[in-house]
Amino acid sequence: MNKTITKVFLSLSMCLCYTAGNVSNIHAASLNTSGVKTEYEMLELQRNKGNSGSSNILSNGDFEQGSKKWTIKNDAVITNEKDGNENKGFTHSQYYGVVKGADSTLSQKITVSSNKNYAAQARVKIGHAGESVRFVVYDDSNTLFKESVVGYDESLKGTYQTVNININSENYTQLNVALIGVNGDVCVDNVIFTPFTSKGIMDPGVVEDGDFVNRSNRWKTTGDGKIQKHEGNDSGYLLSWSGNASVYQEVSLKPNTEYTLKADVLIAKAGAYGFLAVKTPNVENLNPAVEKTVKCTKDQEWTWQQVELKFNSRNNTSVSVCFLKWLDNADRNQNNATFMSQMIVDNVELVEGKSEVQEVEDENYTVLWADEFNGNQKNTDSNGLDVDNWGYELGCVRGVEQQHYVKDNANVHINDGKLVLEVTDRKKEDQYKNPRGNRQVIYNSGSVRTHGKREFLFGRIEVLAKLPKGQATFPAFWTLGADFTLDGSINGDQGDGWPMSGEIDIMESIGNPNVVYETLHYNNGSGNGNDDGKYAGNGKTTAITTPGRVIDGEVYHVYGINWSAGKMEWYIDDQIVRSVDYSDDPAALKALDRPQYIQLNFATGGNWPGDAGKNLAGQQFKVEYAYYAQNEKQAASAKKYYENTVSVNAKDMIIKKGTEADLLKNVTLKAGSDKVNVDDYTIDYSIDNEHMFTTSPDLTDESTSNDEARTRVDCLVRTNDPKEIAKLPAGEYNLHISAMHKSKPSVRKTVKLTIVASADYTKLTKAVNKANALDKSLYKDFSKVEDALDNVKYDLDITKQSEVNAMTKALEDAMAGLEYKDADYTKLNEAVNKAKSLDKTLYVDFSAVEDALDNVKYDLDITKQSEVNAMTKALEDAMAGLEYKDADYTKLNEAVNKAKSLDKTLYVDFSAVESALNNVKYDLDITKQSEVDAMTKALEDAVAKLEKKITIDTTDKTDPKPSDKNDQKPSDKSDSKTDTTVKTGDTTNVLPMFVSVIVTLLGIFLLKRKKA
C-alpha cells in the first residue's frame, strides 16, 4: 500500500479507536516533536485519571478528558460550556456530556469480572417537563441487563440528580454503560461503575481470616491452590508438582492510599520462588502490576519468611491480595525447583498507611529519535537499513535456538516503510547442531541492534509491530547495557557481560502473537554471573486485549517501556501492563539505570519456547516504527547521569593493509561536566568482523566439515596492538572503542575500520614502463609525458584507486598526444643535390641514379628514419656505381699517329715530341678529357714546333740539261760522294740562306739555355 495512503488509513483508524475508548493520543500541545519529524504521535498511557477518589472502574466518567473512552452517537456532545447551575447543589468542574433527544447516546465499554455484583451510578440534570433519559447497562449483543429511565422532577428545579443501577455480571467479562436520550437535552456527569460483594461494599483495607483459622469463604483458590493444614494449622497451600497455583481474597481499598501487604511465607526447595501480589478482583495483573518475588535459598528451605509488599492503591478500590506461583508450560518439569516445591502462606495482613495525592505522570514528551524505516536516511545499506543507527547481530549467538542470524535481504529488509525480519529455510548442507544444546539450526533469520551507534537512557522506548505466529516463533524487542561485551565479540575487560550489564525485555513472544512477556534481567551485585537480582527474571505474562492498529489488513500493537530513574513501566498500545519500582535495589539501579541499546530479533525455538515448528519459513516480524522520547523529569535524570561520565569522540577509519596503525591516535574523550576527569579513564578497543560475514562461504580445502558454513562474528583483536592490526586482511571491521573507569560503566563507541589493499597499479605500471621505454629524442615535445611521470604517486591504497586511475589516464593521454620529430633528411638532401648536380651525359648509365631520385619520399617522421637512410644509401650507392664514359682520344690518337709518323732524325730536336708521346696516358675517362686534350695539344704543339735540320749539299747542283723527269733516277748512295753543299730547292744565292741558318741555330741555342 502506498505510504501516504497508509497514513490516511491510520489516521482514520486511530480516530475510530478514540471513539471506541481503546486508544488515545497525546494531544499536540503535550507532545513536542520539534527535534524529530515523526509519522505518528505517541499514545498517552492510561492511568485512570478520571474520578480520582472514587471506586470507579469506568474511565473518564467526569468527562474531564473530553471524549476519551466514550462513544458518541446521534448529536450527543461533550462540552465545557457553562450551564447556569454552578451554584445549585452538585456542579461539574469543567466538562460534561449532553444527550439531545431520541437515541442520542454516550456509551462506554468496560471490563468486568464474571459473576460479580456491580453498582452503576450517574448524575443527570433535566431542566424541563417532558424531558427524560435512559441509564442502561447491556452486553455486546445489545441484550439489556438493566435500565433506569429518569424524567423531570419539579422539586429538583433543574439541578443534578443521581440515578443508580445494581447488576450481577453473570458470565460476562465486558459490558456497556450508556446514557441514551429520550426527549430534550439532558446533561450528564460523574458516571461511575463500582464493584460490590454480596455483603455490600467491602470495608476498605481489611483482609478477613488472614490466619485461615475460620477457612472463610472469602479465601478463594486457582489451579493447585488449597486451604489445608500445615503442622496442625490451616494455611494457604500451593502444592508441589505444579506450575499454576494461587490463594487470594478480594478486598476493598481507599483510592490513592499507601498500603503494606504482609504475610508469612514458607517455601520448601532452594531456588524456588513465588509471588506476593495485588491483583484485580479476578486475579489479573493491575495496571501497573504490583507484586513481589519471594525466593528461597538453601538456608531458607522450610523456614518461614516475613514478607512485606508496599504499594499505592492509585485509583484501585477493589483488588485481590494473592500468593501464587506460575510457570510457563516449558518450565513445568521436575528439574524446576518452583514446580517441585510446596509453598505455604499464613498470617496475611493489609496495613493502611497515609493517603496522598498520586503523583501525576508528566505526559509532555519530546521525541529525541525515531526510525520509521522508510529507507530515506543518508546512509542505508543494500537492505535499506540505516547503518548510522543499526548494525547486525550475526551467527549462532545464544541459547539453544534454531536460527542462524544473517544479513541477507531475504531475512532483513525494509519494505513499504517497515523493517521486516523474516525466517527462511536454511539449506540442508548448512544446517548444524546448536553447539550449546541438542537442537538443529534449520532456519536463517534476522537480528538488528543499535549497539555502539545509538544508546538510550530513561524515557519512552517503543515500537509499533506485528508479531509472527507459529510453533516456537520467538520475536523480541529488548535492551542491553551499552557496554555489553556482545557474547565475546568484545574483550570482557572492556565492559560488562550478561547479566551484569542489565537486560530489559520490552516484549517477547513464544508462538502466540496475542500473548507477550515483560522481564528484567540483572545480577544481585555479586558479579557471579547469575540472573538473580531482586526483581530479575520471572517476567509477567500479558494477554493482549487492546485492538491495536490495522495496517494493510494486519494487526499491529505498540510495545514499549516508560522508563524513569528507579522505575519501569511496560505498556501495550495505551495500556500499562506491568510496573516495577526497583529504586530500593542498588544492584538494579546499577545494572539498569545506565545507557542501553535496543535490539529487534526473530528467533525460533529454544529451551523456553520449545522446538521450532517445521513450517516457519515465511513468518515475518514487522516493525512500522521505533521511537524514543523523554519527558522533562526523565531528561533531567539522563542529564545527571551523563554529567558524571565521558563521551567518546571517534570517526570511521581507513588504513592500508599491513600498517601498524595507532587506531587511538585521533580518539578523544569529552567530560560530561567539570566534575569528571578524563584522565581517570583508559581507552582500549576490540575489533570484530561483522561486516565481512558471509552466509554461505566457499569451503576451503582445509575445511573438515560444513561447520564453516555456520559463519559467525569473532573478536579478532582484543586490545590496542598495532602489530595485530598489521596482520588483518583487507576488509571492513567493527572497531569497538571503550572508555573504562574503575567504578563506572564503560562508555562505548563503535566505528567502522576499513583496511584496504594497495590500489591496482597494473595499468599505471604498464603505462609508466611504456613511457620510460620511449626515446624522448624522437618527439617534438616530451615535457607532458615527463610531467605525468613526475606526478605518479606510489603506495596509495585502494580507496585512492580513482587517483591511480587518473594518473594512468594522464600519462596515457600525454603519450597519445606525442608528435614525432621529422626524419633527418640532411644526408638525403645532400645526396639528392649531389645527384642533381651531376651531368648525366658523363656517365655510361645514369638510370640507377634517376630511379633512386624517383624513389625519394619526403615528410616522413623520425620513426621512418631508416627509410630515409635507405633512400639516401640507395641514391649514394647509385651514384657510387656510376661509370664515366671514356675520354675522347680521337684527336690525340691522330696527333700520336702523326707524331709517330715523323722521322725524328729530320728534326733538330725531336725530344719535345717524344716527351709529349711519353706523357700520353690512355684509359682516361671523360672526366679527364681535359688531360687528354692537354696531351693532344702538347703533342700537337711539340710537333708544330719541330724544326727540321739544315742540310748543306756540297755537290753540284747545277741542273743538267733539261730532260724528262720521269727518266731521272736518284743515284746510288754507295756510288756517290757525300754532297757537302747546301741543297736548296732552287738556284737562289746561298749566302743569305746561310746567314739565316746561323741565326736560327743561334736562336735555338739561346732558347735551350733559357729553358735550362
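Three strands make up an open sheet in the order β24-β30-β27, with mixed pairing; strands here are DSSP runs of E with at least two residues, helices are runs of H or I with at least four, and both are numbered from the N terminus. β24 (403–405) and β27 (424–425) are the edge strands, each with a single partner, so one side of each has no neighbour in the sheet. This is a predicted model, in which local features need pLDDT of at least 70 and side-chain atom pairs count only at pLDDT 80 or more, while totals for chains, interfaces and linings use all residues. Residues are numbered from 1 along each chain as its sequence is written, and side-chain values use heavy atoms, with hydrogens and water left out.

**Strands and sheets**

- Strands count as paired if DSSP finds at least two bridges between them. β24 and β30 (residues 443–445) are joined by three bridges in the parallel sense, and H404 stands opposite N444 in β30.
- A further open sheet has seven strands, in the order β23-β31-β41-β33-β34-β35-β36, with antiparallel pairing. Its edges are β23 (391–392) and β36 (540–543), each with a single partner strand, so one side of each is left without a neighbour in the sheet.
- Inside that order, β31 (residues 447–449) and β41 pair in the antiparallel sense over three bridges, with R449 opposite Q599 in β41.
- Strand β15 (residues 244–252) is mostly covered, since eight of its nine residues are buried; buried means under 20% relative accessible area, exposed means over 50%, and partly exposed lies in between (1.4 Å probe, protein chains only).
- β15 pairs with β12 (residues 219–223) in the antiparallel sense over five bridges, and with β20 (residues 318–326), also antiparallel, over nine bridges.
- Q249 in β15 is a handy residue to look for: W219 stands opposite Q249, and Q249 stands opposite V321 in β20.

**Helix α6**

- The twelve residues of α6 (residues 762–773) should span 16 Å at 1.5 Å a residue, and the end C-alpha atoms are 17 Å apart, which agrees. The expected span is 1.5 Å times one less than the number of residues.
- Which residues of α6 are buried? They are L764, A767, V768 and A771. Seen down the helix axis, the buried residues fall within an arc of 100°, so they line one face of α6; the arc is that of the directions from the axis to the C-beta atoms.
- T762, K766, K770 and A773 are exposed on the other side of α6.
- As background, an α-helix has 3.6 residues a turn, so residues three or four places apart point the same way.

**Salt bridges**

- The whole structure holds 34 salt bridges, each defined as a side-chain nitrogen of Lys or Arg within 4 Å of a carboxyl oxygen of Asp or Glu.
- D140 and K109 form one of them, with the closest N and O atoms 2.5 Å apart. The pair links distant parts of the chain, 31 residues apart: D140 is in the loop between β7 (132–138) and β8 (144–151), and K109 is in strand β5 (residues 105–111).
- D140 is partly exposed at a relative accessible area of 48%, and K109 is partly exposed at 37%.
- R398 and E393 meet through their side chains in a salt bridge (2.5 Å, N to O), and E393 is buried at 2% relative accessibility.
- D496 and R594 also meet in a salt bridge (2.9 Å, N to O). This pair links distant parts of the chain, 98 residues apart, with D496 in the loop between β33 (473–481) and β34 (503–508) and R594 in the loop between α3 (586–592) and β41 (596–604).
- How accessible are the two partners? D496 is partly exposed, with a relative accessible area of 25%, whereas R594 is buried at 2%.
- D416, K418, D552 and E624 are linked in a network of salt bridges.

**Surface and loop**

- I950, F994, V995, I998, V999 and L1001 form a nonpolar patch on the surface, with about 520 Å² of accessible area together.
- F994 lies in helix α15 (residues 990–1011) and is partly exposed, with a relative accessible area of 44%.
- Patches are made of residues with over 30% relative accessible area and no salt bridge, with like charges joined within 9 Å and nonpolar side chains (Val, Leu, Ile, Met, Phe, Trp, Tyr) within 5 Å. Accessible areas come from the Shrake-Rupley method with a 1.4 Å probe, and for residues only the protein chains shown count as cover.
- T927 sits in the loop between α13 (911–918) and α14 (929–944), and is partly exposed at 33% relative accessibility.
- T927 and K885 are 42 residues apart in sequence and 8.1 Å apart in space, C-alpha to C-alpha.
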